[in-house]
Amino acid sequence: MSAYSIVVIGTSWGGLAALTKLLGALPADFPIPIAVVQHRSKESERLLPQLLQDVTDLKICEMDDKDELRAGTVHLAPADYHALIDTGLITLTVEDPVRFSRPSIDLLFISAADTYRTGTIGIVLTGANEDGSRGLQHIVKRGGYAIVQDPKNAEIPIMPSAAIRVVPSAEVLSLEGIAARLIELTLEPVQTGRRTPR
Amino acid sequence: MAVQVAEAPKPVGEPERPSFKPDLERIEIELLLEGIFRHYGFDFRAYAYASVRRRLWKRIEEEGLSSVSALQEQVLHDPGMMEKLLLDLSINVTAMFRDPNFYATFREHVVPLLRTYPFIRIWHAGCSTGEEVYSMAMLLREEGLYDRARIYATDINEVVLQRAKAGIFPLERMQEYTDNYIRAGGKRSFSEYYTAKYGGALFDQSLTKNVVFSQHNLVTDRSFSEFNVILCRNVLIYFDKTLQSKVHGLFYDSLAMFGVLVLGSKETLRFMSHEDSYQQIAPPEKIFRKIK
């Protein structure tokens, strides 16, 4: 039984390629839900889920309000809404952008950490702004696990570099390394099958 | 610069399990919401927990406080603080022709239905400062339906209703609204609808000739008429599932047979008891027709 309940991922510029690589390396039976904020324009809305679905065995699902979190599923935040994690489900809001972003990575991360505490794994990938670092800090504060894409290999290093600056204790890995770490962290001593968070 | 961190930030020893039991913060938040309800009568108890929590913490941080309990002390003893919190808790983000594609779809698929009615009653629930009410009024006028329509625009918040009635919106948003209007299939020139006045854009007051603005609380108030169209976009997302279900019951009861229910683009009727009573018109837009 995994000690972790949810993976939250934040990225902006370069995110599609990074997510393709990362999600493509995870198995269809990945045991916990994954929630992703990828900054994007309203117009790109219909395209992204399909592009990702083409490269991964996980189920890609664009979030609707109050969707239930599911294992083996990537819940993708819609353009122009903030996505918050609540116990076992997602709640959307349209309040003002945070640090110029809606959806905001920080809000996703903070809500996940406040809900699942030590059961949260937060990952900051490539991006051209500093969204995500405050959220990652909150995940660590709540005892969760923080991972940042190695800025050396990131398409745009600004976002991961900012996250490392704010959260020096975060683990810094390549995309392959992140995928391997996720599998390792969530497949810890298996006892009685999987658990989905509630 | 290579940043290598040997130690991952995992706490040593037995990790604290994510608990199914309400933790202390949850107790504090539930107590605060209960206190607000009993002392002031505002009922946020069935609002979506994660978003209430976020907005409470925003207020707590802005006030330089450190816990929900500290906020509770201030809110219960100082009506001024309650007023601030009330604004925090009621999200009033809106725009004219918000989600232009919805309006284009409404024109194409709902307007033909409305043409068959001698009189059209529309309920805009949670209308906030009114931008989307004016948008609908423009659309109906351009389609030649306005004169036989009546729009009941309601919100829980009197302050925003006053602003809706005034019909003065920020000039700096007119470019955005003009773009939306065009993409929504607007048939005229958007600038015909307003004049720059009082430091804002004052909208054509004849647009509200058939609009009744009124205070209504979706949580506690009953149905007040029967409607052909109910619009409630991005309002129910602030409620938990139980309250959403209750409000859907209210909408179902308030909608005439073959009436149309409009939700926000990321809202669904899944798992609601009236899910099977509706048929979605023109997906992905969340426009549903009551069929039984």
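In this predicted model, the axes of helix α1 (residues 24–40) of chain B and helix α3 (residues 68–77) of chain B come within 9 Å and cross at roughly 10 degrees. Here axes are lines fitted to C-alpha atoms, for helices over the stretch in contact, and angles run from 0 to 180 degrees between N-to-C directions; helices (H or I, at least four residues) and strands (E, at least two) are DSSP runs numbered from the N terminus. The helices α1(B) and α3(B) are therefore roughly parallel to each other, a term for angles under 35 degrees. On the α1(B) side the contact includes Glu25(B), Leu32(B) and His39(B), and on the α3(B) side it includes Val68(B), Gln72(B) and Leu76(B), where contact requires C-beta atoms, placed from the backbone, within 7 Å.

Residues are numbered from 1 along each chain as its sequence is written, while chains are lettered from A and ligands numbered from 1 in the order in which they are written. Local features need pLDDT of at least 70 and side-chain atom pairs count only at pLDDT 80 or more, whereas totals for chains, interfaces and linings use all residues.

The table gives the make-up of two contacts, with Ala, Val, Leu, Ile, Met, Phe, Trp, Tyr, Cys and Pro counted as nonpolar, Asp, Glu, Lys and Arg as charged, and the others, Gly among them, as polar.

| α1(B) with α3(B) | eight residues | four residues | two residues |

The domains in the table are domain 1 (26–89) and domain 2 (100–290) of chain B, with bounds from an automatic or database domain assignment, and their C-alpha centres lie 30 Å apart.

In chain A, five of the five residues of strand β5 (residues 82–86) are buried, so the strand is largely enclosed by the rest of the structure; buried means that 20 or more other C-beta atoms lie within 10 Å of a residue's own, exposed means 12 or fewer, and partly exposed lies in between. His82(A), Leu84(A) and Asp86(A) point one way from β5(A), and Ala83(A) and Ile85(A) point the other way. Five bridges join β5(A) to the antiparallel strand β6 (residues 89–93) of chain A, pairing being called when DSSP finds at least two bridges, and Ile85(A) has Ile90(A) as its bridge partner. Thr87(A), in the loop between these strands, counts as partly exposed because it has 17 C-beta neighbours inside 10 Å.

Conventions. Angles under 35 degrees count as roughly parallel, over 145 as roughly antiparallel, 65 to 115 as roughly perpendicular and the rest as oblique. Two residues are in contact if their C-beta atoms, placed from the backbone, lie within 7 Å.
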